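Hi there,

Here is the structure I promised to pass on. Please have a look at it first, and then read on for what turned up.

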Amino acid sequence: MSSVRTWYIGVYGGEAQARTCSPHPNEVIRDREGDTFVLSRDHMAREAELKEGITKHWQIVCDQRAKIDALQALLTAADELADVLEGLLLQTNELLYAIQGDPGSVPSSAIDAMRGRVFEALKRSKPPTCTWSEGGFSWHTGCGKEWQFTDGGLPAENGMHFCHSCGKTLVVESAESA
């Protein structure tokens with residue numbers, strides 16, 4: 001079988017089409033509105049490689065989009081927390097003015113309630129973390145991924161301070177707690 005295929009691109013029988021032509025020269029379609037080109041098996045193999053590469057790149061794009069979405073969610077949560085903390089700071093300031101003007105006018109329960117709300121908000125302000133543990137020649141992330149450093153070493157020694165997958169602050173599990 002010949003390693004070369006001839007294709008017809010154009011209008012045939014009233015419709016646009018791309019179709020293979022017989023390798024026999026007398027059977028090649030000779031429509032005036034179309035054109036023919038030759039495609040060897042090497043080109044077909046290259047086309048298959050390109051399709052596979054496009055699929056892989058599309059998966060990378062989708063993975064990156066998921067990471068961007070996760071980071072956006074973290075940013076939104078941080079913005080919401082900043083708004084809560086700003087509101088509590090303003091309320092605390094008003095409470096302090098009231099205490100300054102007349103210390104006996106503010107009940108201790110109001111002060112305790114404000115302190116409780118501030119401490120609750122501060123608990124939320126700690127950045128979410130992803131714990132990495134070393135396993136053989138790679139690191140296992142808390143979000144279920146695996147990472148390797150070519151030259152070995154700890155993540156911080158390789159400039160890693162955030163998880164490459166989920167974007168959370170990276171925390172290395174110590175050997176004692178493992």
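Let me begin with Ser-165, which is found in the loop between S6 and S7. Strands like these are DSSP runs of E with at least two residues, numbered from the N terminus. Before going further, a word on the basis: this is a predicted model, in which local features need pLDDT of at least 70 and side-chain atom pairs count only at pLDDT 80 or more, while totals for chains, interfaces and linings use all residues. Residues are numbered from 1 along each chain as its sequence is written, and side-chain values use heavy atoms, with hydrogens and water left out.

Is Ser-165 buried or exposed? At 16% relative accessibility, Ser-165 counts as buried (buried is under 20% relative accessible area, exposed over 50% and partly exposed in between, with a 1.4 Å probe and protein chains only). Leaving aside neighbours within four places in sequence, Ser-165 is in contact (heavy atoms within 4.5 Å) with Lys-67, Cys-143 and Lys-145.

Asn-158 lies in the loop between S6 and S7 too, but it is partly exposed at 33%. With neighbours within four places again set aside, Asn-158 has contacts to Phe-149, Gly-152 and Gly-153.

That brings us to the aromatic rings. The structure holds two aromatic pairs; rings of Phe, Tyr and Trp (its six-membered ring) pair if their centres lie within 6.5 Å, and planes under 30 degrees apart count as stacked, over 60 as edge-to-face and the rest as tilted. Trp-132 and Phe-149 are stacked, at 6.5 Å centre to centre with 25 degrees between the planes. Trp-132 sits in strand S4 (residues 129–135) and Phe-149 in the loop between strand S6 (146–147) and strand S7 (169–172), so this pair ties together parts that are 17 residues apart in sequence. The rings of Trp-147 and Phe-149 have centres 6.3 Å apart and planes at 80 degrees, so they are edge-to-face. Trp-132 is buried at 0% and Phe-149 is buried at 14%, whereas Trp-147 is partly exposed at 29%.

Finally, the largest nonpolar core has eight residues, among them Trp-132, Phe-149, Cys-130 and Cys-166. A nonpolar core here is a set of buried Ala, Val, Leu, Ile, Met, Phe, Trp, Tyr and Cys residues joined through side-chain atoms within 4.5 Å. A second, separate core of five residues includes Leu-88, Leu-95, Val-106 and Met-114.

Best wishes

Technical notes
Helix = DSSP H or I, 4+ residues; strand = E, 2+ residues; numbered from the N terminus.
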